[in-house]
Amino acid sequence: MNPTQWDFPVELCCRPMAFVTLTGLDVVYNAVHRAVWDAFCANRRADRVPISFKVLPGDHEYPKCRPKRTSYEWYIPKGILKTGWMNKHLNLVPALVVVFYELDWDEPQWKEKQSECATRVEIVRQSLQGRNTKVAVVLIQKKTPLPPGEDVIASERAAALCNACELSGKSLFVLPHTDHLVGYIIRLENAFYEHAQTYYYTEIRRVKSHKEFLNKTTHQLLFVRHQFKIAFFSELKQDTQNALKNYRTAYNLVHELRAHETNILEIKTMAGFINYKICRLCFQHNTPLDAIAQFRKHIDLCKKKIGSAELSFEHAAWMSKQFQAFGDLFDEAIKLGLTAIQTQNPGFYYQQAAYYAQERKQHAKTLCSHEASVMYPNPDPLETQTGVLDFYGQRPWRQGILSFDLSDPEKEKVGILALQLKERNVVHSEIIITLLSNAVAQFKKYKCPRMKSHLMVQMGEEYYYAKDYTKALKLLDYVMCDYRSEGWWTLLTSILTTALKCSYLMAQLKDYITYSLELLGRASTLKDDQKSRIEKNLINVLMNEIPDPEPDCDVLAVKTAQKLWADRVSLAGSNVFTIGVQDFVPFVQCKAKFHAPSFHVDVPVQFDIYLKADCPHPIRFSKLCVSFNNQEYNQFCVIEEASKASEVLENLTQGRMCLVPGKTRKLLFKFVAKTEDVGKKIEITSVDLVLGNETGRCVVLSWQGGGGDAASSQEALQAARSFKRRPKLPDNEVHWDSIIIQASTMIISRVPNISVHLQHEPPALTNEMYCLVVTVQSHEKTQIRDVKLTAGLKPGQDANLTQKTHVTLHGTELCDDSYPALLTDIPIGDLHPGEQLEKTLYVRCGTVGSRMFLVYVSYLINTTVEEKEIVCKCHKDETVTIETVFPFDVAVKFVSTKFEHLERVYADIPFLLMTDLLSASPWALTIVSSELQLAPSMTAVDQLESQVDKVVLQTGESASECFCLRCPSVGNEGGVATGHYIISWKRTSAMENIPVISTVITLPHVIVEHIPLHVNADLPSFGRVRESLPVKYHLQNKTNLVQDVEISVEPSDAFMFSGLKQIRLRILPGTEQEMLYNFYPLMAGYQQLPSLNINLLRFPNFTNQLLRRFIPTSIFVKPQGRLMDDTSIAAA
């Protein structure tokens, strides 16, 4: 028996494949034979048939076949399954023996070769000794054979060879050694596979035929054996469905066997084997739920079958192996594509295997703790003649004995003793750690952090029992972080206790101190007497003395540890241990709190350090240091109290550094901030508390930031959620939970004592020089100096605003783009108390919208803080939001000379451009002048003069201008630029020296069209009833063609007229024709003139509607007056 006795045999765990032996191949000296063998074995792909090949000599002796039984009447089986049976059929007894022989059909010495081949076949048959193994012959030939039926000689000689060898035609094959060797080999393999299938089918039939001779009384074991064999042969035949069915039957039969202490191990062993096969095949068939169900059933049936109480560790070992094997199968199936989940993965089975391995260890500790005087039995009852058992699961000292009564109790007792002594030598921790490690890997893979942590603790404890303290500490350290963060204090205490033992046994000073500090703290659930012992040991270590051993440690390990501690004491090494407490929970809590989130530079910075001890006894610290991000302040925040090492635990409550358990100690610090730190954050980077003397051995507890440890955040959250009323404390004490860490503060500038006033007239107008008057007055008691002004657009606004805003101190000239948006550090000089000063700024805003303007005044003043004179830089800023608006709206329109709206104008025909300025400013505007800049494509009909000079517009008032223009003939019709309208203006209230702003309005483009004929009329402005009204029409030909014009005049009821009523005439290119008419008004009032209709024969699109745009259609007719003499007129 060896430590691996519980491992499943290799032949059980492998995939069964048909066993075929190849004879007649000299793979060492014959290159052709070597090539054939390589083709069979090398690089076998998954799609090739499952066959296991082996090269053997022709006269190889195969296992002998036992004589066939004719009756089972008096046969009593000695066991269920022989240990060599599976291996025999996997590797020793072939399903097919193939004889290779080099022989071509045209061989000259055919007879001799045929006889030699037949002899070789006969030798193989003799060596098989009556087994049903198939025999086949493969002829290795040099030439490629002809198709079947074409080579008559080959057919005859093949038949003759089959007769000589006593083979059927299906057992003779030809293998040409050509370039396509692998293809021929694959075809051969398929044929071999068919022969092997037939062999295993025959074997199954043979085993089944035994059933009729068996009876349930004496042959129960044979029922199991035969069913297992049928299933195993089915697997070799690759009939996995039938194999599974027969394994299930065999499993049920095993559990029908009568179980007793003498055969329980054999029953469990066989049940385990068959269960393994069933589960393996279920996973192979992709039915994992069936595999899990079978395994659960198997465990339920077997977990109570313990057997001998003196060997109960064997049952635990067997159970452990069952779970481990199933975990391996599950994991293998996952690697082949099965999907597992968090609640059902191999980790649970490895975990259970580890649990039974731990149980095995406990049983072994109880049952195998013999005294040293007990010797191993001689002769060894566990040895057998062959070195192996005959049947699986039997005892070596009573093989084949199936009686339930022990024939030799003494021999049984000696055998059990031998097993117990063997078990004592097993390294259980190694087995447990391996299983736990497998489980941890699985739980990590399936994201089960708590299961992983739980098992890692067990691994750490197992390493502790195995005395591998380094690995134990490494694992426990890793897990402690999780338990701290989640607040599992009872679990953490247990782990810390084990870790403390490890660090003691290794004499690891820093680890021992760290774990002691935490076990004394509030996270520890130890009782006070245990805490007192740890506290005493900690002080001993700080006094450079050897601590007392931890309880329940191995005696030998303690002796070794004491030597190590003695060496540590004698060696003068590093005696200062700095321990960062942010990752654990020490017995001292620390919180830092600044009195305010910010301090003015002329006020001392003050903060408190709160300390609270959770250990059983008062404890004295020697030093407290506070470190800042600016290290120059560190020197002001140190408390140091000289004390002897022996006084650390003395019951003294005097002194600022003595902490009483449960009481909060508050320490006040203050210092003056440096002026260069104005605007900066002062941060506490660490608080260091020193336990012990720096001359001896001391521990520096270092809190990052303003304090707090691994449990602080969770405790703060619980305190915030708690509705529990806190008890009332004396005035000088505070509740620890009510203290909130405030680890940083801002240094801000001294409060300024000046006033800044802004005077302006909003809103600002686009592009104007907007005036902003800044008045600064000092209210300080002493002179202020180096006063500087920064004014302009407040930084941080839209980049477009920055580009379109310009500030200057000089309002007499217009700003351009080179001027900044913000004027910085304008020197003002010094101001005496009460003195005031004005500064005028001019801002030009190029776009409309809101802008935030900043006026920032800074100055220096001398002041005294804590009897220390400092120079303070004070500043005051004012912001104002100014809206920028357009000063006026400009409307432009094109009209005809009749003041009718024009969508388009006609080349060379005058039209009117009208502009309308509507004031949008809340302040009065002065229009200094206006100017019309025409584009080259436009010309003025008359002189272009401003009609709005010096006009003052109030809010909502408007000023209009009218210009008569003409567009000369252009080459192409379409949109034509008109030009620009420039308005020069300023605020009426602005000073004389403020420059005038010119606003340029781009006039709209106008569509220009050519007209073939232009008509205009000369007529008086009014007529009088019954007085002749001369009208002259001018017709201008605007084309390069001679125009045929038909003219007609339609009469009107209000007029009589003389002239040509209808005429047809020709007008030469570029010339003008005049038509004169005398109209005679008949009625007074606004009357419609006789209508002039013109028809151009060349331009049929020229309509009378177009014509009426150019000539008047109506005229005002005055009534006929009486004749007055000059006297009456003068009287009027």
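Cys 282 touches Leu 244, Arg 248, Thr 287, Pro 288, Asp 290 and Ala 291, with residues up to four places away in sequence left out; a contact here means heavy atoms within 4.5 Å. The model is a predicted one, in which local features need pLDDT of at least 70 and side-chain atom pairs count only at pLDDT 80 or more, while totals for chains, interfaces and linings use all residues. Residues are numbered from 1 along each chain as its sequence is written, and side-chain values use heavy atoms, without hydrogens and water.

Cys 282 lies in helix α9. Helices (H or I, at least four residues) and strands (E, at least two) are DSSP runs, numbered from the N terminus. With a relative accessible area of 0%, Cys 282 is buried. The term buried means under 20% relative accessible area, exposed means over 50%, and partly exposed is in between (1.4 Å probe, protein chains only). Thr 240 is 42 residues from Cys 282 in sequence, and their C-alpha atoms are 9.6 Å apart in space.

**Cores**

Which residues have the most contacts inside the largest nonpolar core? They are Ile 274, Phe 587, Phe 607, Ile 609, Phe 621 and Phe 628, in a core of 200 residues. Helix α9, residues 264-284, gives the most to this core, with 12 residues. Apart from this core lies another one of 31 residues, including Val 1015, Leu 1065, Phe 1079 and Ile 1094. A nonpolar core is a set of buried Ala, Val, Leu, Ile, Met, Phe, Trp, Tyr and Cys residues joined through side-chain atoms within 4.5 Å.

Phe 587 has contacts with Leu 517, Leu 520, Gly 521, Leu 538, Lys 612, Ala 613, Asp 614, Cys 615, Ile 619, Phe 621 and Leu 691, again not counting residues up to four places away in sequence.

**The whole protein**

The secondary structure comes to 24 helices and 47 strands. The radius of gyration of the protein is 58 Å, well over the 32 Å that the globule rule gives for 1132 residues, so the protein is more spread out than a compact globule. This radius is taken over C-alpha atoms, and the globule rule is 2.2 Å times the number of residues to the power 0.38. Along the principal axes, the C-alpha trace spans about 180 × 115 × 55 Å.

Of the 1132 residues, 47% are buried. Among contacts with a separation of 6 or more, 74% are between residues 24 or more positions apart. The protein exposes about 56,800 Å², and carbon and sulfur atoms supply 51% of this area; accessible areas come from the Shrake-Rupley method with a 1.4 Å probe, and for residues only the protein chains shown count as cover.

There are 124 positive and 125 negative side chains, and the centres of the two sets lie 9 Å apart. Lys and Arg count as positive and Asp and Glu as negative, while His and the chain ends are not counted. The place of a charge is taken as NZ of Lys, CZ of Arg, CG of Asp or CD of Glu.

**Backbone angles**

Most residues other than glycine have a negative phi, and most peptide bonds are trans. The table lists some exceptions.

| Site | Feature | Value |
|---|---|---|
| Asn 378 and Pro 379 | cis peptide bond | omega about 5° |
| Pro 762 to Pro 763 | cis peptide bond | omega near -5° |
| Asn 544 | positive phi, not a glycine | phi about 65° |
| Arg 1026 | positive phi, not a glycine | phi about 65° |

Pro 379 is in the loop between α12 (346-367) and α13 (409-424). Pro 763 is in the loop between β18 (754-759) and β19 (764-765). Asn 544 is found in the loop between α19 (528-542) and α20 (555-570) and counts as partly exposed, at 31% relative accessibility. Arg 1026 belongs to the loop between β39 (1022-1024) and β40 (1029-1037) and is exposed, with a relative accessible area of 52%.

**Two further loop residues**

Is Ile 740 buried or exposed? At 61% relative accessibility, Ile 740 counts as exposed. Ile 740 lies in the loop between α21 (712-721) and β17 (744-748).

Gly 811, in the loop between β22 (805-808) and β23 (822-831), is buried, with a relative accessible area of 5%. Leaving aside neighbours within four places in sequence, Gly 811 is in contact with Met 769, Tyr 842, Asn 993, Ile 994 and Pro 995. Gly 811 and Arg 844 are 33 residues apart in sequence, and 9.9 Å apart from C-alpha to C-alpha.
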